[in-house]
Amino acid sequence: MRSMRTTLALLATTGGVLLAAPAGAQAHISLHPNTIPAGAFATLDVRVPGEQEGAYVTKVDTLFPQGFTGVDYENVPGWTARVIEAKLATPIKEDGETIDTEVSQILWTWTGPLGKVSNGQFINFPLSVAIPADAAGRALEFRTVQTYSNGEVVHWIAPELTAEHPAPRINVTAKGGAIEEVAGDEAGPTAGETATSQSPPAPAAPGAQPSAGASKGLGIAALILGALGLLAGLLALATARRARAT
């Protein structure tokens with residue numbers, strides 16, 4: 001029976017390795033929803049992950065693109081928020097009043113103990129904003145600097161979505177459209193990308209060979225089924241031997 005137990009343990013270990021999931025990729029600071037029509041009022045969540053082993057997030061400084069004349073922020077427990085404004089070179093008229101400033105940046109600072117964001121955690125900072133009416137067709141970047149308790153500073157400011165630390169962004173669509181969450185790069189969609197513009201995968205042609213991913217999945221399933229079959233055979237053999245012995 002010892003050899004049988006050893007075989008069963010080996011099969012269990014093999015099955016565990018086959019079913020193990022790959023490790024997750026590094027998370028980015030991102031905005032949600034990430035696709036909003038020009039001129040729309042929306043609530044944006046600035047999603048901030050913690051990614052430093054043994055450290056926590058102490059400060060988040062987000063720079064606004066031009067065109068945001070006002071912002072309301074949610075009171076997040078454990079954090080203070082400070083809105084910084086800049087003077088407009090040319091004041092604008094809006095709803096019968098003159099506006100001579102726009103939002104330049106917002107700075108969140110952790111005061112604790114609530115709201116602590118350690119490694120493997122994240123927090124949302126909700127903002128209520130009006131999307132600039134003239135921003136249709138553009139991707140607006142909200143460049144952000146993130147500071148940790150160990151002194152590490154991460155600059156999420158790169159314009160390329162494929163960069164190591166891309167700037168979080170929203171895609172602004174034409175007025176009157178829908179507010180959407182588009183599945184694209186984690187930092188945000190490309191300019192002009194919408195949920196309806198993403199083509200569904202084409203159906204496989206009759207007789208077509210499965211993709212590499214599908215082939216790998218089928219191979220893993222076959223190995224597991226084979227292992228289960230071997231296990232059933234061993235159990236049947238052990239039962240028959242005990243029956244003959246009695």
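## Close-up views of the core and its aromatic pairs

**View A. Trp 79, a buried residue.** At 7% relative accessibility, Trp 79 counts as buried, because the cut-off is under 20%. The model is predicted.

View B. The ring centres of Trp 79 and Phe 125 lie 5.1 Å apart, with the planes at 75°, so the pair is edge-to-face. Trp 79 sits in strand E6 (residues 79-94) and Phe 125 in strand E8. The two are 46 residues apart, and their pair links distant parts of the chain.

**View C. The pair of Phe 64 and Phe 142.** The structure holds six aromatic pairs. Phe 64 lies in the loop between E4 and strand E5 (71-73), and Phe 142 in the loop between strand E9 (139-141) and strand E10 (144-148), so the pair ties together parts 78 residues apart in sequence. Phe 64 is buried at 7% relative accessible area. Phe 142 is buried at 2%. Ring pairs link Phe 64, Phe 68 and Phe 142 into a cluster.

**View D. The largest nonpolar core.** This core has 35 residues. Phe 64, Trp 79, Phe 125 and Ile 170 have the most contacts inside it. Elements giving two or more residues to this core include strands E3 (41-49), E4 (57-63) and E7 (97-110).

Conventions:
Residues are numbered from 1 along each chain as its sequence is written. This is a predicted model: local features need pLDDT of at least 70, side-chain atom pairs count only at pLDDT 80 or more; totals for chains, interfaces and linings use all residues. Side-chain values use heavy atoms; hydrogens and water are left out. A nonpolar core is a set of buried Ala, Val, Leu, Ile, Met, Phe, Trp, Tyr and Cys residues joined through side-chain atoms within 4.5 Å. Buried means under 20% relative accessible area, exposed over 50%, partly exposed in between (1.4 Å probe, protein chains only). Helices (H or I, at least four residues) and strands (E, at least two) are DSSP runs, numbered from the N terminus. Rings of Phe, Tyr and Trp (its six-membered ring) pair if their centres lie within 6.5 Å; planes under 30 degrees apart count as stacked, over 60 as edge-to-face and the rest as tilted.
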